[in-house]
Amino acid sequence: MAPPLTRRGLKVDLSDVCRKEMLADYFQTIERSRFVSLLTVTINDLIIISNKQDQKLADVFEKCSSIELPVGTKRSDFICCAPDVLPYNIKDSKNLIKLDYNCAEINGTGFGAIRTLPLNQFETILNTFRNSASKIKEECEKNGENPLIIVSNSGREGVERVNGEYPISSNSSVMWERLFIVDEYADQISSSTNPCHVDSIDNIAINYYKQIDLAKVNFNNGIFNKDEYKTEIKNAYDNSTISMKKYDNKPMVLLGYTRDIVECCKIEHDLPYLFGRRINGIVNDRTAFSLSKIENKEINYKKVHIMNVNFEEGADKFSTALAREQFHSSTEAKLLPTIARDRGFIYDPCGLDKLYNFQSNEEDLDLISDMNNNDLAAFRMRYFRGITEKDGINGIMKALDDFKNLGMKPLFKPSGTGESKGIIAYKTGESNEDFKQRFCENINNIKKEYGKGAGYPYMVMPILSLAKTIKGELYDLRFVIYKKFNCLGNSTIHTIPLLLRKGPENIAEECMENNDFFPTNLIISVLKTGRPGTDFVVPLCREDSIKQANLTNDQIKTLALEVI
C-alpha cells in the first residue's frame with residue numbers, strides 16, 4: 001500500500017479500503033467538508049511515476065519549449081492541457097519502416113494522472129491555478145459578490161441515481177487529483193473573517209435530485225402527465241435556488257462530476273448559474289463545452305473564468321484538428337525551425353507538422369498527382385474530416401466510403417466524451433449496413449450517457465498502424481503544456497514530455513492483425529486486465545524512456561514546440 005501523500009496541508013488517508021478521506025487541514029473548519037471526500041471510491045495514485053521523472057531533464061525541456069504569451073492575456077485564458085501524440089508506422093520513399101507522429105487530441109485542465117508530473121512542473125501548474133483564483137477574488141470584491149468556482153471531473157456517465165444518490169462504485173478513481181486544485185482555490189478565495197465553503201455538487205444538489213428522481217418515477221408510472229412532470233422539475237429547481245441563497249455570503253468551491261454540473265446549471269445572459277447563483281470560474285474544458293451545447297447558448301468567457309479559453313478544442317477533436325491545420329500554415333509555425341536552431345537543437349517534427357482537412361476524393365486527386373505509393377500512403381495518413389450534426393448519418397457513411405476508397409480504415413471520434421468512450425472504428429470486412437447499425441447504436445448510447453452535449457461533430461481520421469514497444473505493446477505519448485509566470489508578471493507557455501502509455505500485450509496482437517483500433521487509455525487497460533495503472537505508464541522525462549520511445553532529445557524538443 002502506498003504511503004500517505006502530503007503536500008502543504010493536503011493529506012490522503014489510505015486506512016479505509018472502501019472510502020478514502022482526502023481533506024486539507026483547513027477543511028476541518030469548513031462546513032460539510034466530508035462530502036467532498038465521498039466523491040471517490042479508490043485512489044489511482046501514480047505519484048511513483050512522478051518520483052521516477054528526471055527533474056533536471058524536465059527543466060531542460062521546459063526552457064527549450066518556452067513561448068511568450070501576448071501581454072494582457074487573462075490569467076485563466078490558459079492553465080494547462082495534455083496533448084496525446086500517436087506514433088505510427090509508415091514506409092518512406094526507400095521502402096523502409098519509420099515512425100511518424102499525429103496529435104490526435106489535446107485534452108484540457110481535467111486531464112488525468114496530473115500527479116505523474118515532475119514536482120517543479122506540478123507546482124507551476126498549481127501556482128497558475130492560484131493566480132487565476134486571486135484574480136477571480138479581486139473581481140468579485142469589486143463587484144460586491146462572493147466567488148463560486150466549480151471544479152469537475154469525468155465519470156458517472158450512464159449511471160442511474162437511486163432516490164437522489166449515486167452508488168459509491170460509480171465514482172472515479174482519479175477524482176482525488178482534483179482535490180489539489182480545490183485546495184488551491186479554497187485557500188486563495190478564503191479570508192480569516194469569511195472562510196471558503198468547500199462542498200460537493202452531490203451535497204448541494206441532493207434535495208433537487210431526490211425531487212426530480214421521484215418526479216421521473218411518477219411520470220414513468222403514469223402518475224404525472226407530461227405537463228405535471230415539467231412543473232415538478234421546475235419546482236425542484238426553484239426550491240434548490242431558494243436553498244442556495246444560504247451560501248450567498250460565502251465564497252464557495254464545489255467539486256463534482258461533469259454530468260451532474262451540466263444537469264444542475266443553466267446559462268442566462270451568456271453567464272453560467274448554479275441554482276440561481278452566478279458561477280465565476282469553471283475548471284474542466286468538457287464541462288464548459290457540454291453545458292454550452294446542452295443549453296444551446298454560448299458562455300461569455302470574457303466575463304467568466306473558464307480555465308482554458310480554448311475549451312472547445314479541449315473537448316471537440318474536430319476543432320482541435322482544424323486549429324492544428326491552421327497553425328501549421330501560420331507565420332508562427334514557420335518560425336519554429338529558427339527557434340530550434342537558436343536554442344541549440346535540430347528541428348525534426350517527425351510528421352507532426354502536417355495535417356490535412358480531407359473533404360472530398362476529388363480534392364485528394366488534385367493533391368497527390370505526382371507522389372509515389374509510399375509518399376502517397378504517408379500523406380493520406382494525415383487526413384481528417386469533420387462530420388456535423390447537420391451532415392448526420394449521411395455524412396458519416398460518405399466519410400466511410402471516401403476513406404475506404406482510398407485504402408484507409410476510418411476511425412470516428414465524438415466530441416464531448418471522455419476516457420475514449422464513443423470512439424468507433426470500421427472493422428475489417430464489415431459491410432456498410434452493419435457499420436451503420438453499429439454507429440447508430442453507438443451514438444444512441446452516447447446521448448444516453450452524456451446527453452445532447454456529446455456526439456457530433458465527429459472527427460474522422462484513418463486508423464493508424466500504431467507503434468509497439470519491444471514487448472509488443474501498443475503505445476502513445478502524452479505531453480503536457482502549461483503556463484508559467486515570471487517575476488515581472490508576464491507569462492510563457494512550456495511543454496514537456498510526460499508519459500509513455502502502453503496497452504496490454506494481447507490486445508496489441510489482436511489490433512495489429514487486422515489494423516483495427518484499441519485506445520491506449522489507462523482506465524481501459526486497467527479495467528481490461530485488473531492490473532494497476534502503474535503497469536501501463538512509463539515516465540517520459542527520462543533518457544532511457546526517450547530511447548524506449550525511439551526518439552532523440554532533439555526530436556522530443558521539436559515535438560514539444562509543435563504540440564504548442
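## The largest pocket

Helix α6 contributes the most to the lining of the largest pocket, giving 8 residues. The model described here is a predicted one, and in it this pocket has a volume of about 1,100 Å³. Its lining comprises 34 residues, and those that lie nearest the centre are Arg 161, Ile 212, Lys 216, Arg 259 and Glu 263. Two or more residues of this lining come from each of α6 (201-220), α7 (226-244), α8 (258-264), β11 (265-268), α9 (285-295) and α17 (432-450).

What is the make-up of the lining of the largest pocket by nonpolar, polar and charged residues? The lining divides into 13 nonpolar, 6 polar and 15 charged residues.

Rolling a probe the size of a water molecule over the atoms shows where empty space is left. In this structure there are 3 cavities of 30 Å³ or more, and the second largest cavity has a volume of about 70 Å³.

The second largest cavity is lined by Asn 102, Cys 103, Ala 104, Thr 320, Ala 321, Arg 324, Leu 355, Tyr 383, Phe 384, Met 459 and Met 461. At least two residues of that lining are supplied by each of β7 (97-105), α11 (317-328), β17 (383-387) and β20 (455-462), and by class the lining holds 8 nonpolar, 2 polar and 1 charged residues.

## Helix α4 and its two partners

Two packed helices are described by the angle between their axes and the distance between the axes. For helix α4 (residues 119-143) and helix α5 (residues 178-189), the axes come within 9 Å and cross at roughly 40°, which means that α4 is oblique to α5. The crossing of these two helices, α4 and α5, is right-handed. On the α4 side the contact is made by Phe 122, Leu 126, Phe 129, Arg 130, Ser 132, Ala 133, Ser 134 and Lys 137, which meet Phe 180, Ile 181, Glu 184, Tyr 185, Gln 188 and Ile 189 in α5. The residues of this contact between α4 and α5 fall into 8 nonpolar, 3 polar and 3 charged.

Helix α4 also packs with helix α3 (residues 55-64), at an angle of about 50° and with the axes 8 Å apart, and α3 and α4 are therefore oblique to each other. In this contact Gln 55, Ala 58, Asp 59 and Glu 62 of α3 meet Leu 119, Asn 120 and Gln 121 of α4, and by class the contact of α3 with α4 has 2 nonpolar, 3 polar and 2 charged residues.

## Helices α16 and α17

Helix α17, one of the elements that give two or more residues to the lining of the largest pocket, packs with helix α16 (residues 392-405) at an angle of about 135°, with the axes 11 Å apart. That angle makes α16 oblique to α17, and α16 passes α17 in a right-handed crossing.

Which residues of α16 and α17 meet? From α16 they are Ile 393, Ile 396, Met 397, Leu 400, Asp 401 and Lys 404, and from α17 they are Asn 432, Phe 435, Lys 436, Phe 439 and Cys 440. The contact of α16 with α17 divides into 7 nonpolar, 1 polar and 3 charged residues.

## Two backbone exceptions

Most residues other than glycine have a negative phi, and most peptide bonds are trans. The peptide bond from Tyr 456 to Pro 457, however, is cis, with omega near -5°. Pro 457 lies in strand β20, and β20 (455-462) is also one of the elements that supply at least two residues to the lining of the second largest cavity.

Asn 308, although it is not a glycine, has a positive phi of about 110°. Asn 308 is found in the loop between β15 (305-306) and α10 (311-315).

How values were computed. Residues numbered from 1 in each chain as written. Predicted model: local features only at pLDDT ≥ 70, side-chain atom pairs only at ≥ 80, totals over all residues. Heavy atoms only, no water. Axes fitted to C-alpha atoms, helices over the stretch in contact; angles between N-to-C directions. Helix = DSSP H or I, 4+ residues; strand = E, 2+ residues; numbered from the N terminus. Parallel < 35°, antiparallel > 145°, perpendicular 65-115°, else oblique. Left-handed = near helix turned anticlockwise from the far one by under 90°. Contact = heavy atoms within 4.5 Å. Nonpolar A, V, L, I, M, F, W, Y, C, P; charged D, E, K, R; others polar. 1 Å grid on protein atoms, 1.4 Å probe; cavity = no way out; pocket = protein on both sides within 12 Å on 5 of 7 lines; lining within 4 Å. Points joined across faces, edges and corners; volume = space filled by probe spheres on them.
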